[in-house]
Amino acid sequence: MMEKLLCPKCKGSKTVSGEMVCNMEWRGSNSENEMDDCIAEPSKECPVCSGKGFIMAA
């Protein structure tokens with residue numbers, strides 16, 4: 001019989017946080033006129049459980 005287990009990657013949240021990527025070539029300024037070299041990717045569907053929050057185990 002198959003058993004539902006909490007996804008080890010997203011811990012049941014169904015999404016994973018996007019990565020923070022930094023590169024001096026993207027330099028821009030934020031709202032406080034400080035230099036900002038980083039871009040944060042948005043959260044995305046968990047690749048391990050396909051956004052279900054659980055995996056099936058035998």
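Is Cys10 buried or exposed at 7% relative accessibility? I looked this up first, and Cys10 counts as buried. My cut-offs: buried means under 20% relative accessible area, exposed means over 50%, and partly exposed is in between, with a 1.4 Å probe and protein chains only.

**Ground rules**

I am working from a predicted model, where local features need pLDDT of at least 70, side-chain atom pairs count only at pLDDT 80 or more, and totals for chains, interfaces and linings use all residues. I number residues from 1 along each chain as its sequence is written, and side-chain values use heavy atoms, with hydrogens and water left out.

**Entry: the disulfide**

How many disulfides does the rule give? I count one disulfide, taking the term to mean a pair of cysteine sulfur atoms within 2.5 Å. Cys22 and Cys38 form it, with their sulfur atoms 1.9 Å apart. I noted a torsion of about 100 degrees about the S-S bond of Cys22 and Cys38, so this disulfide is right-handed.

I then checked where the partners sit. Cys22 lies in strand β3 (residues 20–22) and Cys38 in strand β6 (residues 38–40), so the pair ties together parts that are 16 residues apart in sequence. Strands here are DSSP runs (E, at least two residues), numbered from the N terminus. Cys22 is partly exposed, at a relative accessible area of 48%, and Cys38 is also partly exposed, at 29%.

I found Cys7 in no disulfide; its nearest cysteine sulfur belongs to Cys46 and is 3.7 Å away. Cys7 counts as buried, with 1% relative accessibility. Cys10 is in no disulfide either, and the nearest cysteine sulfur, that of Cys7, is 3.7 Å away.

**Entry: the core**

Which residues make up the largest nonpolar core? I wrote down five: Cys7, Cys10, Val16, Cys46 and Cys49. By a nonpolar core I mean a set of buried Ala, Val, Leu, Ile, Met, Phe, Trp, Tyr and Cys residues joined through side-chain atoms within 4.5 Å. As background, nonpolar side chains tend to be buried together in soluble globular proteins.

I also listed what Cys46 touches, leaving out residues up to four places away in sequence: Cys7, Lys9, Cys10, Lys14, Thr15, Val16 and Gly51. Contact means heavy atoms within 4.5 Å.

**Entry: Lys4**

Last stop, a lysine. Lys4 is in strand β1 (residues 3–6) and is exposed, with a relative accessible area of 57%. With residues up to four places away in sequence not counted, Lys4 touches Phe54, Ile55 and Met56. I also noted that the C-alpha atoms of Lys4 and Ala58 are separated by 9.0 Å, with the two residues 54 apart along the chain.

Key:
Helix = DSSP H or I, 4+ residues; strand = E, 2+ residues; numbered from the N terminus.
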